[in-house]
Amino acid sequence: MRNIAIAMLLLLLLSVFLEPMVELLNLGKEKIVLGTALGNAARSAKDRSLIYESHRDLDAKVNEEKFVSYFAVAFSDALKLTWTNQGTSSRELTFTSTDGKYNDFTVTVDFVEKIHEETGQIYTKAQLKAQSEYKFQTKYLRLAENARQDVAYQLESERELTLSVKN
């Protein structure tokens with residue numbers, strides 16, 4: 001009887017120690033997925049939103065509205081999200097999960113147009129930052145989150161994309 005009690009105690013202690021480790025693995029996976037989705041959506045938008053008339057002078061000017069639109073569609077498709085603030089000219093995009101896997105994402109997009117000192121060419125930098133409150137997947141941390149404990153974690157990823165035209 002004593003061995004059964006010790007085995008049950010060990011199982012309880014192992015689950016208390018292993019679940020946070022499993023949550024850390026899930027968190028690492030979600031960070032990788034978010035970073036990949038952000039980078040791929042930005043590259044997709046870059047390719048489709050450059051103003052081709054400026055290529056003659058080797059300038060990389062971006063149609064910012066097209067960039068934001070293409071980025072939002074690619075980002076929402078990659079993570080199964082819905083773009084909720086469509087039609088606004090804001091550079092702060094909000095996405096809602098369609099399958100309940102994520103909390104709401106907020107993505108800020110900033111553009112900086114610069115002139116290269118040596119060549120005189122125009123290039124554009126797009127700075128993207130995605131953030132969301134992480135939705136815990138293991139039982140104990142979900143219980144702690146529901147009990148209003150201070151366990152919230154901000155899932156963030158940033159990318160900077162330099163758009164240039166080379167001959």
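A charge sits over a ring if NZ of Lys or CZ of Arg is within 6 Å of the ring centre and within 35 degrees of the ring normal. Keep that for a later stop.

**Before you start**

This is a predicted model: local features need pLDDT of at least 70, side-chain atom pairs count only at pLDDT 80 or more, and totals for chains, interfaces and linings use all residues. Residues are numbered from 1 along each chain as its sequence is written, and side-chain values use heavy atoms, with hydrogens and water left out.

**Whole chain**

Show the cartoon. The protein chain has three helices and five strands. These are DSSP runs numbered from the N terminus: helices are H or I with at least four residues, strands are E with at least two. From the N terminus, the order is α-α-β-β-β-β-α-β.

Of the 167 residues, 32% count as buried. Buried means under 20% relative accessible area, exposed over 50%, partly exposed in between (1.4 Å probe, protein chains only).

**Stop 1: the charge over a ring**

Select R48 and Y70. The charged end of R48 sits over the ring of Y70, 3.9 Å from its centre.

**Stop 2**

Select F71 and F75. Both are buried. They form a stacked aromatic pair, 5.5 Å centre to centre with 15° between the planes. Rings of Phe, Tyr and Trp (its six-membered ring) pair if their centres lie within 6.5 Å; planes under 30 degrees apart count as stacked, over 60 as edge-to-face and the rest as tilted.

Why are F71 and F75 separated by about one helical turn? Because they are four residues apart in helix 2 (residues 64-79).

The structure holds five aromatic pairs.

**Stop 3: the strands**

Colour strand 2 (residues 92-97) and strand 3 (residues 105-115). They run antiparallel, joined by four bridges. Two strands pair if DSSP finds at least two bridges between them.

Select V107 in strand 3. Which residues are its bridge partners? On one side V107 partners L93; in strand 4, its partner is A130.

Finish at the turn. Strand 3 and strand 4 form a hairpin with six residues between them. Select G120 there: its phi is positive, about 80°.
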